[in-house]
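Here is a briefing for a first look at this structure. Keep the model in view while you read.

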Amino acid sequence: MMSRISPTTRFEPVSFRSARIPRQKLGTSDGGKVVGTIEVSLVKMGEIEDGDTDHITTDVQGQKCALAYECTAPESVSGKDNLPLLNSVLKNPVCKLYRFPTSDNKWMRIREQMSESILSFHIPKELISLHIKEDLCRNQELKDLGDLSPHWDNLRKNVLTHCDQMVTMYQDILTELSKETGSSFKSSSSKGEKSLEFVPINLHLQRMQVHSPHLKDALYDVITVGAPAAHFQGFKNGGLRKLLHRFETERRNTGYQFIYYSPENTAKAKEVLSNINQLQPLIATHADLLLNSASQHSADSLKSSLKLLSEKTELFVHAFKDQLVRSALLALYTARPGGILKKPPSPKDSTEETCPQDEPPQLRRQDSIPHHSDYDEEEWDRVWANVGKSLNCIIDTVDKLIERDSHNEEGTGGSSSNDGDAAPSLEDSITSHPKEDWYGQLHPLILTLKECMGEVVSRAKQSLTFVLLQELAYSLPQCLMLTLRRDIVFSQALAGLVCGFIIKLHTSLHDPHFLQQLHTVGLLVQYEGLLSTYSDEIGMLEDMTVGISDLRKVAFKITEAKSSDDLPILTGRREHYVVEVKLPATVFESLPVQIKEGQLLHVYPVLFNVGINEQQTLAERFGDVSLQESINQENFELVQEYYSIFMEKMPPDYISHFQEQNDLKGLLDNLHQNIQAKKRKNVEIMWLAATICRKLNGIRFTCCKSAKDRTSMSVTLEQCSILRDEHQLHKDFFIRALDCMRSRQTQGALSESDDPETGCLTDNKPTSRHFYPVALLLVSSHLLVVWLILSLALLLAKYQ
């Protein structure tokens with residue numbers, strides 16, 4: 001529930017020392033055109049008494065829309081509205097309070113708040129640490145490949161040299177980030193700094209809280225952030241989408257020095273390696289627990305331990321049911337010197353001896369992969385199948401031990417009721433079935449299981465590491481630079497995603513329907529892009545597309561906070577990350593059982609882009625907008641997929657709880673029609689996508705180059721549209737409310753000093769609209785001379 005906001009609320013005295021406080025991303029209305037947004041220094045602010053509120057107003061065409069108060073959210077106004085749980089990730093809030101008339105001539109009250117997020121730096125540091133750990137492990141696995149023929153050995157040495165350099169660079173970047181103090185976000189003026197490449201630009205929460213006379217209080221959040229892109233790397237050759245496609249095409253067509261594996265196969269190899277590293281220690285732990293239960297002679301504990309061991313072992317075996325592993329073994333064999341595959345000696349085949357006699361005899365394993373001429377592809381199947389057979393032996397043995405133990409207990413319990421003739425048979429039963437040594441019978445089977453696993457792990461790790469070597473062997477510097485660029489873009493996107501997820505979670509903790517949707521379906525994450533398809537912004541959009549798509553590799557897990565450190569923790573590898581979000585014990589206990597048990601919560605990121613600036617006009621008239629069209633079409637299909645899962649898994653009463661089914665379906669159809677229409681600067685796409693996201697309880701992001709001008713204009717337009725459509729804002733006051741939110745006069749006492757964000761007041765900054773498009777200058781040399789004269793005159797007039 002939201003607390004009521006009164007324009008005459010008493011605010012305690014607040015004083016500020018001069019400091020750079022990030023202002024709301026609210027552009028100034030200047031003849032219908034955006035002027036810009038700025039950071040300002042707040043000076044000391046005095047006490048505002050009850051009834052004497054010093055209203056700051058904007059007079060628009062004789063009508064006044066009031067900004068009641070502006071502050072930086074002192075403690076007296078940071079109670080329930082600010083959700084104290086979010087203090088761990090948000091800081092430096094800046095608030096504004098408005099009053100706008102409704103259609104029935106009453107007043108609605110709006111609280112607007114913008115906050116920074118400390119996750120801007122925390123998540124990149126966590127991610128870089130993971131990259132360093134992963135790359136060091138990969139380098140060690142490359143060294144452990146063993147003897148290779150001269151050709152492959154030289155490639156391996158070259159790869160290791162470059163990879164060690166990459167690790168050193170990542171370590172240097174992490175060191176530099178650790179030195180960063182002060183501001184908790186990266187300003188747009190720093191987007192070209194190498195040490196801050198991994199940090200998102202201008203990551204902020206933009207929140208609007210509405211209290212209207214007849215409707216429930218409502219909260220609307222938008223995360224604003226600069227487009228995830230590798231600005232320091234530049235866009236001379238395009239962005240990730242184009243670079244990755246070109247790289248794969250060239251790599252596919254040039255395979256004389258290496259073996260080509262598709263990106264899907266390379267990703268599969270990384271996935272299997274990750275499963276190995278996760279499952280092997282788990283299986284060993286459950287096997288030890290099984291032996292401990294056997295030593296205690298506890299049937300219930302034995303059954304429970306066996307169930308866990310069986311589940312993990314079956315997952316382990318299933319991971320190797322792939323043609324890739326078999327072909328990788330053969331490829332590694334051919335890369336050995338002399339065609340001899342050296343591997344650790346195979347463990348003694350004890351499974352055949354210790355299996356119950358009623359089991360079919362097991363095929364004996366071979367001590368090595370045969371020579372190429374006699375290579376048996378089915379031999380690998382027999383190797384990993386031994387793991388399953390060893391498990392079956394353990395299961396059969398445990399079943400028989402428990403069965404015999406239950407018979408003994410039944411015989412002992414029934415001895416008092418038996419007659420004299422039955423006594424000898426009972427005595428014979430006790431003599432023939434003494435209390436068995438469960439530990440002694442299971443121990444050799446457990447050892448065999450571990451040995452079989454060790455053999456599988458040794459072979460699989462080496463063969464799949466050889467697959468990863470092929471990815472790096474072609475055009476090594478280019479491959480590593482692409483990896484670096486992708487890591488940079490993903491880091492920026494991930495920091496925003498984690499911030500948005502935590503804010504959405506804390507805001508909706510008391511909504512059981514949302515929590516059900518979270519673990520049943522997942523969370524929709526909608527990015528609104530405002531980049532043009534012209535010049536460098538094409539490369540930014542190509543970077544952004546890949547970075548947002550890579551967020552599908554991210555899953556969230558909610559845990560109970562055990563200490564005061566409640567910042568999220570990141571684990572995993574480049575193909576799969578898990579973000580652990582911590583909640584206080586009292587809050588954690590109120591969550592659904594599935595979430596408390598550690599179920600992974602998945603996200604569905606989608607991006608819709610519509611360029612809206614002057615550069616997009618040039619792109620639509622003289623350039624190419626096919627990139628934007630393909631992005632919108634691809635992501636519409638993803639939204640449809642999420643909608644289908646949502647309608648399938650969520651109960652009907654929940655669907656009708658927050659929207660009519662036909663209404664949402666109609667919005668999707670309308671969005672599809674607008675995407676197909678290929679209309680110039682079709683902002684209807686943005687509005688429809690945002691509405692669908694809100695109806696589906698998703699997270700909203702708005703992005704442009706630096707998350708300033710275009711982003712601020714979009715956010716304020718969306719806020720006023722929500723007030724009109726959802727909260728009955730008076731129709732005659734829509735434009736006036738919009739101008740009030742965008743007006744610089746509503747942003748407090750501004751000095752005429754330079755803008756810390758842009759370097760100067762945006763009003764005075766020359767913009768491209770003052771000059772003629774370069775395309776027109778190419779028409780005539782006379783126009784070029786006129787353009788130069790006018791430009792010089794404007795510059796002289798400005799600085800005189």
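The axes of helix 2 (residues 150-179) and helix 10 (residues 438-473) come within 10 Å and cross at roughly 70°. Helix 2 and helix 10 are therefore roughly perpendicular to each other. This is a predicted model: local features need pLDDT of at least 70, side-chain atom pairs count only at pLDDT 80 or more, and totals for chains, interfaces and linings use all residues. Residues are numbered from 1 along each chain as its sequence is written, and side-chain values use heavy atoms, with hydrogens and water left out.

**Helix 2 against helix 10**

- Helix 2 brings Trp152, Leu155, Arg156, Val159 and Cys163 to the contact; contact means heavy atoms within 4.5 Å.
- Helix 10 answers with Phe466, Leu469, Gln470, Leu472 and Ala473.
- By class, this contact has eight nonpolar, one polar and one charged residues. Ala, Val, Leu, Ile, Met, Phe, Trp, Tyr, Cys and Pro count as nonpolar, Asp, Glu, Lys and Arg as charged, and the others, Gly among them, as polar.
- Axes are lines fitted to C-alpha atoms, for helices over the stretch in contact, and angles run from 0 to 180 degrees between N-to-C directions.
- Angles under 35 degrees count as roughly parallel, over 145 as roughly antiparallel, 65 to 115 as roughly perpendicular and the rest as oblique.

**The whole chain**

- The chain has 24 helices and 16 strands. Helices (H or I, at least four residues) and strands (E, at least two) are DSSP runs, numbered from the N terminus.
- Of its 800 residues, 51% count as buried. Buried means under 20% relative accessible area, exposed over 50%, partly exposed in between (1.4 Å probe, protein chains only).
- Among contacts between residues at least 6 apart in sequence, 77% join residues at least 24 apart.
- The chain exposes about 36700 Å², and carbon and sulfur atoms supply 52% of that area. Accessible areas come from the Shrake-Rupley method with a 1.4 Å probe; for residues, only the protein chains shown count as cover.

**Confidence**

- The mean pLDDT of the chain is 77, and 74% of its residues reach 70 or more. pLDDT is the predictor's confidence in each residue, from 0 to 100.
- Over residues 1-62 the pLDDT stays under 50, and the model has 170 contacts beyond four places in sequence for them.
- Residues 73-82 also have pLDDT below 50. This stretch has 20 contacts in the model beyond near neighbours in sequence.
- Where pLDDT is low, the predicted coordinates should not be read in detail.

- Asp487 sits in helix 11 (residues 476-507). Asp487 is buried, at a relative accessible area of 6%.
- Leaving aside neighbours within four places in sequence, Asp487 is in contact with Leu127, His131, Tyr170, Phe198 and Arg574.
- Ala495 is in helix 11 too. Ala495 is buried, with a relative accessible area of 0%.
- Not counting residues up to four places away in sequence, Ala495 touches Leu119, Ile123, Pro124, Pro200 and Leu203.
- Ala495 and Ile118 are 377 residues apart along the chain, yet their C-alpha atoms are separated by 9.6 Å.

**Positive phi in loops**

- Lys678 is not a glycine, but its phi is positive, near 55°. Lys678 lies in the loop between helix 19 (661-677) and helix 20 (684-695). Lys678 counts as exposed, at 58% relative accessibility.
- Ala707 has a positive phi of about 60° although it is not a glycine. Its place is the loop between strand 16 (699-703) and helix 21 (709-727). Ala707 counts as buried, at 0% relative accessibility.
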